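Work through the exercises below with the sequence and the model side by side. Try each task before reading its solution.

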Amino acid sequence: MGKIYRDAYWDTLKFVLISLVVLGHTLEMNIPDASFNRALYNTIYLFHMPLFIFVSGRFSQIKERQKYKLGIFKLVETYIVFQILRSLILPSLLGETLNWKYIVVPNWIMWYLMSLIWWRLFVYYIPSHIIREKRVEIIIVSVLICLLSGFIPIGHPLEFQRTLVFFPFFITGFYSTEIDVKEKLSRIPIGW
């Protein structure tokens with residue numbers, strides 16, 4: 001078995017983004033409308049999930065179809081386990097009333113897992129020659145889906161619409177592997 005190569009740049013970026021998610025949710029609990037915390041919260045939410053989803057797309061390459069499919073099944077298993085914990089077990093432990101909608105409606109981090117499953121299924125089931133040859137068209141379609149998603153009431157609106165709204169970020173990340181992002185960022189002049 002070969003050695004697994006980790007890139008400190010991407011690992012650090014993911015750590016920072018996860019930390020911003022935690023900070024954003026912490027700020028969300030207790031912020032007045034006009035405050036520094038509200039401004040910080042709005043700034044964090046402006047970019048942290050699109051960038052995190054972009055990174056998820058970048059690391060969703062299909063190298064071996066069987067392994068990729070297995071990865072999707074592992075995401076589904078993880079989703080089911082945590083959805084059961086959140087919807088059935090946690091309410092009983094906290095003495096809350098059981099709300100049956102939580103069994104089917106993803107909440108908390110579950111929306112992200114469900115979206116990741118949908119995005120990876122899309123990439124998996126589109127024929128590989130189309131994925132390779134029709135990049136611009138796929139990105140344009142993903143943007144159109146994003147823009148139209150607010151007008152199409154599908155399922156539970158908030159959760160599935162998030163999947164559609166963030167879809168272009170995933171697809172752009174998926175196609176970004178041919179770009180040396182670190183090299184491009186190093187060209188940005190920082191006037192310090």
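## Exercise 1: Charged pairs

Glu 64 and Lys 67 join their side chains in a salt bridge, at 3.9 Å from N to O. A salt bridge here is a side-chain nitrogen of Lys or Arg within 4 Å of a carboxyl oxygen of Asp or Glu. This is a predicted model: local features need pLDDT of at least 70, side-chain atom pairs count only at pLDDT 80 or more, and totals for chains, interfaces and linings use all residues. Residues are numbered from 1 along each chain as its sequence is written, and side-chain values use heavy atoms, with hydrogens and water left out.

Task: state how exposed Glu 64 is and how exposed Lys 67 is.

Solution.
- Take the cut-offs: buried is under 20% relative accessible area, exposed is over 50%, and partly exposed lies in between (1.4 Å probe, protein chains only).
- Glu 64 has 46%, so Glu 64 is partly exposed.
- Lys 67 has 57%, so Lys 67 is exposed.

Task: find what Glu 178 pairs with, and say which parts the pair ties together.

Solution.
- Glu 178 forms a salt bridge with Arg 135; their closest N and O atoms are 2.7 Å apart.
- Glu 178 sits in the loop between H9 and helix H10 (181–186), while Arg 135 is in helix H7 (residues 135–148), so the pair ties together parts 43 residues apart in sequence.
- Helices (H or I, at least four residues) and strands (E, at least two) are DSSP runs, numbered from the N terminus.
- Glu 178 is exposed at 56%. Arg 135 is partly exposed at 28%.

Task: describe the salt bridge of Glu 183 and Arg 187.

Solution.
- The N to O distance is 2.7 Å.
- Glu 183 is partly exposed, at 28%. Arg 187 is exposed, at 57%.
- The structure holds four salt bridges.

## Exercise 2: A phenylalanine

Task: is Phe 174 buried or exposed, and which residues does Phe 174 touch?

Solution.
- Locate Phe 174 in helix H9 (residues 167–175).
- Read its relative accessibility: 7%, so Phe 174 is buried.
- List its contacts (heavy atoms within 4.5 Å). Leaving out residues up to four places away in sequence, Phe 174 touches Gly 57, Arg 58, Ser 60, Gln 61, Val 123 and Ile 131.
- Check Val 55 as well: 119 residues separate Val 55 from Phe 174 in sequence, yet their C-alpha atoms are 8.2 Å apart.

## Exercise 3: The largest pocket

Task: give the volume of the largest pocket and say which helix supplies the largest share of its lining.

Solution.
- A pocket is an open set of points on a 1 Å grid over the protein atoms alone, where a 1.4 Å probe fits, with protein on both sides within 12 Å along at least five of seven lines; lining residues have an atom within 4 Å of a point.
- The volume, the space filled by probe spheres set on the points, is about 920 Å³.
- The lining has 21 residues; Phe 59, Ser 60, Gln 61, Lys 63 and Arg 120 are the closest to the centre.
- Helix H1 (8–29) and H3 each supply at least two lining residues. H3 gives the largest share, five residues.

## Exercise 4: The whole chain

Task: how many helices and strands does the chain have, and what share of its residues is buried?

Solution.
- Count the elements: ten helices and zero strands.
- Of the 192 residues, 32% are buried.
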